[in-house]
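This report describes parts of a protein structure for a reader who is new to the subject. Please keep the sequence and the 3D view at hand while reading.

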Amino acid sequence: MNVRDCVRNLGDSLRVIGEDFIKGKTFWLPVVLAIVPSVLLATKFRSNMPQLVVAAELVGQQYALKGQGVQDREEFIEGLKRKIESVLPARAALPFATPSASPAREAEDVFSDWDAMPVAVYTVKARVTNLGALSTTISRVSVRLIESVGGRMSWLGYADWPKEEAKLPQGQIAILGNPAGQAIGFKLFGSNLLDFQIVEIIGRGLRQHLAKDTSNRREILASFLRVFALNNSFRQDHLVSIADPANQARVFLVIEVEDVYGRKGLVECPIMDYGAWK
Amino acid sequence: MSDYGLRSLEVTEFRGEILWVAVVLAAAILPMISALTAKRRSGNLAKRWIICWIANIGVFCLVLFGFMFQGLVDYAITQPDPFFGDQYSPFHLSWWQKGTIYLKSVSFSTQGLAAIVLLSLIISWATLFGKNRRQWAIFGCRAAFLAYVIVDIVLAIVNDSSIQELMKNLVFDLIGAILFGAVASVLISLIFGEMSLRRRPVDVFGKKLGSPV
């Protein structure tokens with residue numbers, strides 16, 4: 001018995017099976033006729049199973065720069081604006097600086113450190129509805145902070161929601177966490193989220209101060225961002241890719257609710273998107 | 001044949017021990033029935049029982065390979081996130097990288113493995129009712145298709161699968177059952193030593209075309 005015989009026998013067996021589909025109608029016809037209603041029945045069962053629909057609303061954003069306390073978004077943005085304002089002129093004046101002159105080191109460190117913005121706190125009002133015909137119980141809620149640039153997702157942070165074990169009868173709504181808004185803190189590594197804030201501040205500023213018919217506003221914004229991250233080409237690329245409207249950059253929270261049956265409900269909660277600076 | 005689906009047997013508070021009890025019972029009874037119904041020409045009952053067990057192991061390997069293959073395809077092409085199963089994947093991997101990771105880390109849950117063993121025992125039992133390569137191919141294909149379809153429909157209900165996913169799984173079931181029937185018939189022929197005989201024309205129409213294959 002060699003490989004050739006095995007292959008030949010395999011071919012014979014395939015032929016026999018193929019012919020069985022025609023000759024063995026007494027078996028295959030009832031099977032096919034039984035599969036169709038079974039699939040329909042499965043669909044009906046499926047529609048009875050708990051289906052979780054999650055809704056969420058962002059009611060507050062707080063951030064902290066390294067060495068500072070947590071501030072509300074407006075206050076934080078004002079502080080960040082001043083810091084950018086202090087750093088940018090020195091970097092733009094680099095070609096005219098004398099070799100002995102040094103840029104504002106302290107301000108530069110605030111932006112270039114890996115933990116330049118170590119904390120973000122979001123307050124979220126969330127609720128989940130069970131649309132199925134069976135009761136269920138929520139077993140876990142988790143929150144992810146995600147950036148999407150040009151369709152590529154990166155996780156900026158992950159947090160567990162305080163333990164939820166809410167019973168969810170059919171058609172009922174359960175409020176998740178604090179009804180006034182649940183605060184979720186993220187410990188951040190890297191400067192990705194800070195980059196979004198920087199692009200938004202500079203982009204908004206240009207939109208306010210450049211003439212409306214300025215056709216190359218996108219290129220001007222990219223130039224500012226390149227000057228801002230003068231010493232770090234990776235950072236420059238990240239800032240410019242966020243600023244490019246073609247990439248549809250955005251930051252959002254994903255709240256995921258899981259029940260005891262392993263079913264999941266997801267909702268996206270927008271935080272920032274390219275519409276603010278395009 | 002969705003291995004992703006087997007995972008959810010755990011989360012629905014399924015008692016895996018019951019499945020293992022069924023596996024033990026099936027393993028004790030089904031190969032014995034196969035040995036009793038096998039051709040006496042293959043040897044005495046003890047020898048036939050050992051041969052049937054070897055055939056069962058071979059069939060288990062084929063069924064396991066089928067699950068792994070489908071798991072690989074699901075993981076590499078349709079499953080966007082290896083950990084969370086949604087579209088927010090932080091990993092940007094090619095299908096080849098995903099496939100490599102899957103094959104290096106392939107493992108089934110205890111319940112998943114029990115389900116595969118039980119499935120392979122039943123398929124093997126039905127296949128071994130055949131008396132020659134032709135019947136092994138036909139019975140194997142029919143048994144595998146029925147078993148896979150039943151499992152997929154049940155899992156579609158348990159896992160809340162979409163109709164599209166169920167249809168995809170049914171197509172996999174059909175292709176998997178055809179390939180299983182063909183390979184299993186050759187494998188069982190080898191195990192029963194039937195291949196050492198001179199090759200005969202396959203008796204497709206149920207007519208006697210010489211001595212049995």
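## Terms and source

Helices (H or I, at least four residues) and strands (E, at least two) are DSSP runs, numbered from the N terminus. This is a predicted model, in which local features need pLDDT of at least 70 and side-chain atom pairs count only at pLDDT 80 or more, while totals for chains, interfaces and linings use all residues. Residues are numbered from 1 along each chain as its sequence is written, chains are lettered from A and ligands numbered from 1 in the order in which they are written, and side-chain values use heavy atoms, with hydrogens and water left out.

## Chain A as a whole

Chain A has seven helices and ten strands. Of its 278 residues, 44% count as buried. Buried means under 20% relative accessible area, exposed means over 50%, and partly exposed lies in between (1.4 Å probe, protein chains only).

A contact means heavy atoms within 4.5 Å. Among the contacts in chain A with a separation of 6 or more, 74% are between residues 24 or more positions apart.

## Strands around β3(A)

Two strands pair if DSSP finds at least two bridges between them. Strand β1 (residues 52-64) of chain A is antiparallel to β3(A), and twelve bridges join them. Across this pairing, A:Gln62 stands opposite A:Val121 in β3(A).

Strand β3 (residues 119-130) of chain A is also joined to β8(A) by six bridges, and these two strands run antiparallel. Here A:Ala120 stands opposite A:Phe186 in β8(A). Strand β8 (residues 182-187) of chain A has a covered face made of A:Gln182, A:Ile184 and A:Phe186. Its uncovered face holds A:Ala183, A:Gly185 and A:Lys187.

## Strand β7(A) and A:Ile173

β3(A) pairs with β7(A) in the antiparallel sense, over four bridges. The bridge partner of A:Val128 in β7(A) is A:Ala174. On β7(A), A:Ala174 and A:Leu176 form the covered face, and A:Ile173 and A:Ile175 the uncovered one.

A:Ile173 is found in strand β7 (residues 173-176) of chain A. Which residues is A:Ile173 in contact with, leaving aside its neighbours within four places in sequence? They are A:Arg127, A:Val128, A:Thr129 and A:Leu168. A:Ile173 and A:Val128 are 45 residues apart along the chain, and their C-alpha atoms are separated by 5.6 Å.

## A hairpin and a loop

β1(A) also pairs with strand β2 (residues 71-72) of chain A, in the antiparallel sense and over two bridges. In β2(A), A:Gln71 is the bridge partner of A:Tyr63. The hairpin of β1(A) and β2(A) has six residues between the strands, and A:Gly67 in this hairpin takes a positive phi near 80 degrees.

A:Gln248 has a phi near 45 degrees, a positive value in a residue other than glycine. A:Gln248 lies in the loop between α7 (233-243) and β9 (250-259) of chain A. Its relative accessibility is 46%, so A:Gln248 counts as partly exposed.

Axes are lines fitted to C-alpha atoms, for helices over the stretch in contact, and angles run from 0 to 180 degrees between N-to-C directions. Angles under 35 degrees count as roughly parallel, over 145 as roughly antiparallel, 65 to 115 as roughly perpendicular and the rest as oblique.

The axes of helix α3 (residues 73-92) of chain A and helix α5 (residues 192-209) of chain A come within 10 Å and cross at roughly 75 degrees. α3(A) is therefore roughly perpendicular to α5(A). On the α3(A) side the contact includes A:Arg73 and A:Phe76, and on the α5(A) side it includes A:Leu194 and A:Gln197. The residues of this contact of α3(A) with α5(A) divide into eight nonpolar, one polar and three charged. Ala, Val, Leu, Ile, Met, Phe, Trp, Tyr, Cys and Pro count as nonpolar, Asp, Glu, Lys and Arg as charged, and the others, Gly among them, as polar.

Helix α1 (residues 3-23) of chain A and helix α7 (residues 163-191) of chain B pack at an angle of about 130 degrees, and their axes are 9 Å apart. α1(A) and α7(B) are therefore oblique to each other. Residues that meet include A:Cys6 and A:Phe21 in α1(A), and B:Leu174 and B:Leu190 in α7(B). The contact of α1(A) with α7(B) has eleven nonpolar, four polar and no charged residues.

In chain B, B:Ser34 has its place in helix α2 (residues 16-37). Is B:Ser34 buried or exposed? B:Ser34 has a relative accessible area of 1%, so it is buried. Leaving aside its neighbours within four places in sequence, B:Ser34 is in contact with B:Cys52, B:Trp125 and B:Leu128.
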